[in-house]
2 protein chains.
Amino acid sequence: MFSNQLLKGHLQTIVLQLLTDRGRMYGYEISQAVKSMTAEKIILTEGALYPTLHKLRAQGLVRTEVLVVGKRRRKYYELTPAGREASVSRVREFFEFVQTMQLLLGGRGKSTDHELA
Amino acid sequence: MFSNQLLKGHLQTIVLQLLTDRGRMYGYEISQAVKSMTAEKIILTEGALYPTLHKLRAQGLVRTEVLVVGKRRRKYYELTPAGREASVSRVREFFEFVQTMQLLLGGRGKSTDHELA
DNA sequence: AAATATACCTAAGTAATTTAGGTATTCAAA
DNA sequence: TTTGAATACCTAAATTACTTAGGTATATTT
């Protein structure tokens, strides 16, 4: 549904926050979690998700561990200390961005209330 | 500040809403309005703004009129009926997107309250 | 047995930017 | 008075983050 242009630039933020919440996840698990948490309104395509995970790793924000369950190979991702910091700042930045957008779009309402109350 | 990746896909939405509010504006005026309304947190670069305006026109969402003030040429943009509809749906879509993101990012708070209360 | 789900991956194409130019007029400052 | 900044428009190449469209392989369901 929103898997189009709206998501641009927010994919890393989503992954970082999910890993903050759940500790350790593998790629497929992340895609399923996002799908179910958003009632399928956000779908992370594999072509977007895997390159994003690889990039987070290249940036030193996550580290990986491959586990073999049965004969299936799962690549688990976990935040590094730098990743934990990045997660906080990315999420904060998202909400700041939304608040700023509300100045333009006339967001009547109490704002997103992030880090404010 | 946010002029980077966060803005992706939201530029048309911003322009449409501004024209909804103010009726008729020219390009430079739009860029200045966005800058001052957001305390310079959102800067629309000219390389992004002008192609966006041309695209909105190609899509039939705005129409243009060139006025000459002194010897300066200003190209005014105004919403078409289709543009007025698009403006409403784009803004609504933005806030729906934000609400969906809050499901993932743990947006504590009362949501953006858009079209809800 | 075949289809679906799980689980990973890459590469070509696309779209919306940024960056970096270009032209021309008006106004303020040195 | 001329230089710089602001006003006002524009385009093109490069960048970036996606989508689309493949590929491999195992496990489960029909």
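Guide: We'll take a helix contact, then a hairpin, then one more helix. Note that this is a predicted model.

Visitor: OK. At what angle do the axes of H1 of chain A and H4 of chain B cross?

Guide: They cross at roughly 35 degrees. The two axes come within 9 Å.

Visitor: Switching to strands. How do S2 and S3 of chain B run, parallel or antiparallel?

Guide: Antiparallel, with eight bridges joining them. S2(B) is residues 62–69 and S3(B) is residues 72–79. Across the pair, B:Glu65 stands opposite B:Tyr76.

Visitor: What about the turn in that hairpin?

Guide: Two residues lie between the strands. B:Gly70 is in the turn, with a positive phi of about 70 degrees.

Visitor: Back to helices. How far does H1 of chain B reach?

Guide: 17 Å from its first C-alpha to its last. That is close to the 16 Å expected for its twelve residues at 1.5 Å a residue.

Visitor: Is H1(B) mostly covered or mostly open?

Guide: Mostly covered: nine of the twelve residues are buried. Among them are B:Leu11, B:Ile14, B:Val15 and B:Leu18. B:Gln12, B:Thr13 and B:Gln17 are buried too.

Visitor: What comes just after H1(B)?

Guide: B:Gly23, which takes a positive phi of about 85 degrees.

Note on methods
Residues are numbered from 1 along each chain as its sequence is written. Chains are lettered from A and ligands numbered from 1 in the order in which they are written. This is a predicted model: local features need pLDDT of at least 70, side-chain atom pairs count only at pLDDT 80 or more; totals for chains, interfaces and linings use all residues. Side-chain values use heavy atoms; hydrogens and water are left out. Axes are lines fitted to C-alpha atoms, for helices over the stretch in contact, and angles run from 0 to 180 degrees between N-to-C directions. Helices (H or I, at least four residues) and strands (E, at least two) are DSSP runs, numbered from the N terminus. Two strands pair if DSSP finds at least two bridges between them. The expected span of a helix is 1.5 Å times one less than its number of residues. Buried means under 20% relative accessible area, exposed over 50%, partly exposed in between (1.4 Å probe, protein chains only).
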